[in-house]
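Me: I would like to go through this protein term by term, asking what each label rests on.

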Amino acid sequence: MSAGAGSTAASGGGSAPSTLREAYGDGDGSAGRGPVVPGHVSLAARVLTRVAAAVVAEQLRVDRAEVRVDASDDAGHLALRVTTPVRVPALSGSVPVPAGGVVGLVRELQSTLTRRVSEITGRTVSRVDVTVTRSQLDRTGRVA
């Protein structure tokens, strides 16, 4: 790595690291995260819950204001409790029902929420409990 942004001054002898990356390592090795620097980073619970609620609202195509998320510690990992409505297709024979019905939608939500919240916040999600409060009819086409 060339000297420049992110490098530390080496003082003679050649034994001092020439970059922060050499001094502190790559952390978990993920590209684009930069060097690990001593210190502490914490995310407020409301940040975690708002990120999770946004993911839920996007995934289920429901109003963000109707989604509630509570976050708690689960042995050092993040446990999420989600309360949300779900959209279901009109109950006519011409509209396909998603695989697994409402339970399938919720299982897919759990998987997506676990992955996306981990990607966005860097926190490992250990569990996602979902309570469906109501269903909203997903109307496609014209309504008479």
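This is a predicted model: local features need pLDDT of at least 70, side-chain atom pairs count only at pLDDT 80 or more; totals for chains, interfaces and linings use all residues.

Me: Where does Ala75 lie, and what is its phi?

Reply: Ala75 sits in the loop between β1 and β2, and its phi is near 55 degrees, a positive value in a residue other than glycine. Most residues other than glycine have a negative phi.

Me: Why is Arg61 called partly exposed?

Reply: The relative accessibility of Arg61 is 48%, so it counts as partly exposed. Arg61 belongs to the loop between α2 and β1, and although it is not a glycine, its phi is positive, at about 55 degrees.

Me: What makes up the secondary structure of the protein?

Reply: There are three helices and three strands, helices being DSSP runs of H or I with at least four residues and strands runs of E with at least two, numbered from the N terminus. Along the sequence their order is α-α-β-β-α-β.

Me: How does the reach of helix α2 compare with the expected span?

Reply: Helix α2, residues 45–60, has 16 residues and reaches 22 Å from its first C-alpha to its last, which is close to the 22 Å expected at 1.5 Å a residue; the expected span is 1.5 Å times one less than the number of residues.

Me: Which residues of α2 are buried, and what do they pack against?

Reply: The buried residues of α2 are Leu48, Thr49, Val51, Ala52, Ala53, Val55, Val56, Ala57 and Leu60. They pack against β1 (68–74), β2 (77–89) and α3 (101–121).

Me: What is meant by a nonpolar core, and which members of the largest one touch the most others?

Reply: A nonpolar core is a set of buried Ala, Val, Leu, Ile, Met, Phe, Trp, Tyr and Cys residues joined through side-chain atoms within 4.5 Å. Of the 20 residues in the largest one, Val56, Val67, Val69, Leu80, Leu113 and Val117 touch the most other members. The elements giving two or more residues to this core are α2, β2, α3 and β3 (125–138), and α2 gives the most, with seven residues.

Me: What is Leu80 in contact with?

Reply: Contact means heavy atoms within 4.5 Å. Leaving aside neighbours within four places in sequence, the partners of Leu80 include Ala52, Val69, Leu113, Val117 and Val125, and also Asp70, Arg127 and Asp129.

Me: Why does Gln136 count as buried, and with which side chain does its own make a polar contact?

Reply: Gln136, found in strand β3, has 12% relative accessibility and therefore counts as buried. Its side chain makes a polar contact with the side chain of Glu66 (3.2 Å); such a contact is a pair of N or O atoms within 3.5 Å, where, within protein, one must be able to donate a hydrogen and the other to accept it, and residues adjacent in sequence count only if both atoms are side-chain atoms.

Note on methods
Residues are numbered from 1 along each chain as its sequence is written. Side-chain values use heavy atoms; hydrogens and water are left out. Buried means under 20% relative accessible area, exposed over 50%, partly exposed in between (1.4 Å probe, protein chains only).
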